[in-house]
Amino acid sequence: MSRPPLILLAHPQRAHSRINAEMAQAAQAAGFNVRDLYALYPDYLIDVPAEQSALAAADLVVWLHPIHWYGMPPLMKLWLDEVFSFGWAYGPGGQALQGKHLWLATTTGGPESSYAPGGYNRHFFDAFLPPYEQTAALAGMQFLPPLVLHGAHRAPADAVQAHVDVWVQRLQTWPDWPELADIDTPLCEVPADARPQE
Ligand SMILES: Cc1cc2nc3c(=O)[nH]c(=O)nc-3n(C[C@H](O)[C@H](O)[C@H](O)COP(=O)(O)O)c2cc1C
């Protein structure tokens, strides 16, 4: 029996969200707890010990957010800066997240065709993922294949529903995902002298 996932929602305007809000709601309706970062920290004052405790209690960490400027929204980034700290998430003694899984569930405004050479986003969407993958690797986490809905503004209702169904079904079936057997976590050890002494 696995422990419940930690689902972190980061949407600066949840009231105007078409997809992420629906995904959060569907997860909650299926019995999963969703930690809505913008609701918890409207002042951007993150309770780091509370976030680290929530992480410690989960084996699957899910980041649910729209893509903003080819990456994560600002509060998600601040959460990462403050919560994945040196000596806790990485570096000497930083083993708190070792072996956990990190799953990115995200949406883009740009359609899939825009994420290709010749499209207006010029690169395949995978080209924007290395910062996520390497963040996971540095913390000793396994980065699971992301769930992405492109063209979020114009996706037809049946495609949105199918996406939400897959999202809930994946949450319900983790960790029994066939592809997990083929994923390795590279070992990235930061040496003790990587930082000047404080
Ligand atoms: C500040 C900002 C930056 C954005 N940057 C991108 C981007 O880099 N690439 C992209 O495809 N869409 C971008 N978008 C569009 C969002 O990804 C899109 O609104 C979101 O995925 C829709 O999900 P929602 O219905 O849950 O709000 C951006 C939107 C905002 C507000």
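Gln 142 belongs to strand 5, residues 142-143. Strands here are DSSP runs of E with at least two residues, helices are runs of H or I with at least four, and both are numbered from the N terminus. The model is predicted: local features need pLDDT of at least 70, side-chain atom pairs count only at pLDDT 80 or more, and totals for chains, interfaces and linings use all residues. Residues are numbered from 1 along each chain as its sequence is written, and side-chain values use heavy atoms, with hydrogens and water left out.

Is Gln 142 buried or exposed? Gln 142 is buried, because its relative accessible area is 13%. Buried means under 20% relative accessible area, exposed means over 50%, and partly exposed lies in between, with a 1.4 Å probe and protein chains only. The Gln 142 side chain makes a polar contact with the side chain of His 101, at 3.1 Å. A polar contact is a pair of N or O atoms within 3.5 Å; within protein, one must be able to donate a hydrogen and the other to accept it, and residues adjacent in sequence count only if both atoms are side-chain atoms.

Now turn to the ligand. The space it takes is the largest pocket. A pocket is defined on a 1 Å grid over the protein atoms alone, as an open set of points where a 1.4 Å probe fits, with protein on both sides within 12 Å along at least five of seven lines. A molecule sits in a pocket if more than half of its atoms lie within 2 Å of the grid points.

Which residues come nearest to the ligand? Of the 17 residues around the ligand, they are His 11, Ser 17, Arg 18, Thr 107 and Tyr 115. A residue is near a molecule if one of its heavy atoms lies within 4 Å of it. The shell divides into seven nonpolar residues, nine polar and one charged. Here Ala, Val, Leu, Ile, Met, Phe, Trp, Tyr, Cys and Pro count as nonpolar, Asp, Glu, Lys and Arg as charged, and the others, Gly among them, as polar.

Next come individual atom pairs. A ligand oxygen atom lies 2.7 Å from an N or O atom in the side chain of Asn 20. A ligand nitrogen atom is 3.1 Å from a polar backbone atom of Gly 109. Taken alone, the ligand exposes 630 Å², and the protein buries 75% of that. Accessible areas come from the Shrake-Rupley method with a 1.4 Å probe; for residues, only the protein chains shown count as cover.

His 11 is buried because its relative accessible area is 13%. Its side chain reaches the backbone nitrogen of Gln 13 at 3.0 Å.

Two loop residues carry positive phi values. Trp 69 has phi near 50°, a positive value in a residue other than glycine. Trp 69 lies in the loop between strand 3 (60-66) and helix 4 (74-83). With a relative accessible area of 80%, Trp 69 is exposed. Arg 122 is not a glycine either, yet has a positive phi of about 65°. Its loop runs between strand 4 (101-107) and helix 5 (130-138). Arg 122 is exposed, at 58% relative accessible area.

Ala 39 is in helix 2, residues 37-40. It counts as exposed because its relative accessibility is 56%. Ala 39 and Arg 14 are 25 residues apart along the chain, and their C-alpha atoms are separated by 9.1 Å. Ser 85 lies in the loop between helix 4 and strand 4. At 23% relative accessibility, Ser 85 is partly exposed.

The tour ends after helix 6. Pro 175 is in the segment following that helix (157-173). Which form does the peptide bond from Trp 174 to Pro 175 take? That bond is cis, with omega near 5°. Pro 178 is in the segment after helix 6 too. Pro 178 is exposed, with 70% relative accessible area. From Pro 178 to Thr 106 the separation is 72 residues in sequence and 21 Å in space, C-alpha to C-alpha.

Methods: On a 1 Å grid over the protein atoms alone, a cavity is a set of points where a 1.4 Å probe fits but cannot get out, and a pocket is an open set with protein on both sides within 12 Å along at least five of seven lines; lining residues have an atom within 4 Å of a point.
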